[in-house]
Amino acid sequence: MKKIVLLLQKLSPFIGCLIFYIVVTVLRSHKIINGYYMQVLMFAGVNVMMTVSLNLVNGFTGQFCIGHAGFMSLGAYGSAVVTTLIFKGSHFTGVAQLPVFLLSLLCGGTVAALVGCLIGIPSLRLKGDYLAIVTLAFGEIVRALLRLIQPIGGARGMIGIPNYSSFGRILFFVALTLWLVRNLIYSPFGRAFIAIRDNEIAADAMGINTTKYKILSFCIAAFIAGVAGGLYAHVLCFIQPDSFGFTKSSDFLVYLYAGGSGSLTGSVIGAVLLTILPEMLRFLADWRLVLYALILVAVMLYRSEGLCGGKEVPFLKVKRASLYKEPIFGAKKNAAKNG
Amino acid sequence: MASILQFLVYGLQLGSVYALLALGYTMVYGIVGMINTAHGDFLMIGALSTFFIAKAFESINADGTYPMLIVGLIILISMMFTGGIAVTVEAIAYRPLRYKPRMIALITAVGVSMFLENFPRALPFIGPNPRPFPTLFINRTFNVLGASITSTQLIMIVLSAVTMIALDRFVAKTKIGGQMRAVSMDKDAANLMGINVNKVISITFFIGGALAAVSGICYASAYPQVEVYMGSWLGNMSFVAAVLGGIGDIRGAMLGGFILGIAQIFATAINSTFGYAVGFIILIIILLVKPAGIMGTLTIEKV
């Protein structure tokens, strides 16, 4: 009995996503959800992946990455090049489609992860805000370089990307991401990440190779962001460098910190709520973003640890030993003052 | 030779806009320790308010130009107004978060920036459309060594240089300047010494906002158009300039602004997309060589 519960708990992201998928499919067949809402939900899924991966760097490792859209654009272009330029678009139907799509996502993720390692290297020398600025600069340089490369459309962007991302596929990748990241955080790697976040010097003194783990965290986050970018490209069927600017990066930061950094639940809730909220406010026309901004500022002022900062729903937690009775992700109360 | 001089003038013109804006960034960072992403929008508010104030003075506008005194008055009112907005933003949105982690303040600043851009956009009498900026300065063209320099460019460069020197002296010599430096070193200790930290921070934001207004007027005079989104891109670039020079350092911000402006103009002459990226490339190179920027000093973290 206990084993079954544990197994269910381990596979909970998949089960949760499956239930969600069934609910949405039923609602869709009863015409309660139209195609537009489906697309919003698909973007919400992509945003969840982006936010969770950003959480790995900002929330769990304590580094500041404010150019995360750069990784997303690399993944988007990497995978779009595979499906559109190498395999020539929509020739594939049915069974052959899936391997091509997976290959493209893998390719996008790998490109992003390699560059993520590269950008992780300055983190050897830079700390805090300066690292944040280098990641911002990195995002903008990627954007400028993509504008220069003509075969992928330059500044005009890339069109004719096949529509491979379905709602089910995105949901599967969301579940996979949650499962992977949760297991990672509760592994020795994750403990090293958290140790670096809480006190880098102490972590160093305890024998953690901080450099290695920081780069690793960047790499893994970049890989996930790359895959999310690939999914994004195949939802929209059109990508251009300018849609991955600082505005996009700050969107993910907003999702992360409004949801609560250092909490996977927070990332999911933040990304889903804040993706859907602007769409629900559409009836306000011009005042839509004004109200959105006010809500955001109010959340940060009155609940600055985020909507579920430091808390985690039970099925995203793994209980290991009595040693960890205290929540590992408890908000840093004393450290808050020192920033 | 002539074209190099011409580019240099354009570079100085853009650099003075960046430098003025970067000063606000660097002062706020030095004193409060937060990245105020909404600072670029103060530039937009400065330019937009100047547009409306100039419209109010339209009856004095003889043969297309304003008298010098009126121009001074317009600039002054716009500076006061923008400074006031900056102080209000600080009091409402940033003050409660002063002792919270930095990223929280950054996210709040993103929200504030979104509000400052979209609120005027939603107001019916402002709206999203770009407007032509009124000519405030006399327009005459000089020919120096084959390069043509307009009087607007000269006024811009001189105005920003004077403002920067005044600010530098202000922070170095006056009592409030001394209080600012004390707060930037240690807020709690400054408080114990009887310095009103809230007042000093308000003054810092006021100065930052006023400088952003000047920079907005300069920018809008050179590229005569105002719209609600004009600030975000300039804000990012001048933030890069502030970091380049060593964030928290006033002279560094000026230097960074001018380096960035000149480099950007020269690179744009080669390729427009490259001009866009060159600032960031310079930034990364400088940070890899000198991790705290050109003028910045690296603080060593102790246990």
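## A loop residue to start with

A:Lys31 sits in the loop that links helix H2 (12–29) to helix H3 (35–60) of chain A. Helices here are DSSP runs of H or I with at least four residues, strands are runs of E with at least two, and both are numbered from the N terminus. The phi of A:Lys31 is near 60°, a positive value for a residue other than glycine. This lysine is exposed, with 7 other C-beta atoms within 10 Å. On this scale a residue is buried if 20 or more other C-beta atoms lie within 10 Å of its own, exposed if 12 or fewer, and partly exposed in between, with C-beta atoms placed from the backbone.

A note on the ground rules: this is a predicted model, in which local features need pLDDT of at least 70 and side-chain atom pairs count only at pLDDT 80 or more, while totals for chains, interfaces and linings use all residues. Residues are numbered from 1 along each chain as its sequence is written, and chains are lettered from A and ligands numbered from 1 in the order in which they are written.

A:Cys237 is partly exposed, with 17 other C-beta atoms within 10 Å.

A:Thr83 belongs to helix H4 (residues 68–86) of chain A. It counts as buried, with 27 C-beta neighbours inside 10 Å.

## Where the chains touch

The contact between the chains takes 35 residues from chain A and 37 residues from chain B. Contact here means that the C-beta atoms of two residues, placed from the backbone, lie within 7 Å. On the side of chain A that touches chain B, the elements giving two or more residues are helix H6 (128–148), H11 and helix H13 (288–302) of chain A. H6(A) provides the largest share, 10 residues.

By class, this side of chain A has 26 nonpolar, three polar and six charged residues. In that count, Ala, Val, Leu, Ile, Met, Phe, Trp, Tyr, Cys and Pro are nonpolar, Asp, Glu, Lys and Arg are charged, and the others, Gly among them, are polar.

## Chain B as a whole

Chain B has 11 helices and four strands. Its C-alpha atoms fill a box of roughly 60 × 45 × 35 Å along the principal axes. For 303 residues, a compact globule would have a radius of gyration near 19 Å, and chain B agrees with 19 Å; the radius is taken over C-alpha atoms, and the globule rule is 2.2 Å times the number of residues to the power 0.38.

Buried residues make up 52% of the 303 residues in chain B. Among its contacts between residues at least 6 apart in sequence, 76% join residues at least 24 apart.

The largest nonpolar core has 198 residues, and B:Leu23 and B:Ala47 touch the most other members. Such a core is a set of buried Ala, Val, Leu, Ile, Met, Phe, Trp, Tyr and Cys residues joined through C-beta atoms within 7 Å. Helix H1 (residues 2–32) of chain B gives the most to this core, with 16 residues. Leaving aside neighbours within four places in sequence, the contacts of B:Ala47 include B:Phe133, B:Tyr219 and B:Met230.

H1(B) has 31 residues and reaches 44 Å from its first C-alpha to its last, close to the 45 Å expected at 1.5 Å a residue; the expected span is 1.5 Å times one less than the number of residues. Of those 31 residues, 23 are buried, so H1(B) is largely enclosed by the rest of the structure. Just after this helix, B:Gly33 takes a positive phi of about 80°. Helix H2 (residues 39–56) of chain B is mostly covered too, with 14 of its 18 residues buried.

## A hairpin in chain B

Strand S2 (residues 141–144) and strand S3 (residues 147–150) of chain B run antiparallel and are joined by four bridges; two strands pair if DSSP finds at least two bridges between them. B:Val144 has B:Ala147 in S3(B) as its bridge partner. The two strands form a hairpin with two residues between them, and B:Leu145 in the turn has a positive phi of about 50°.
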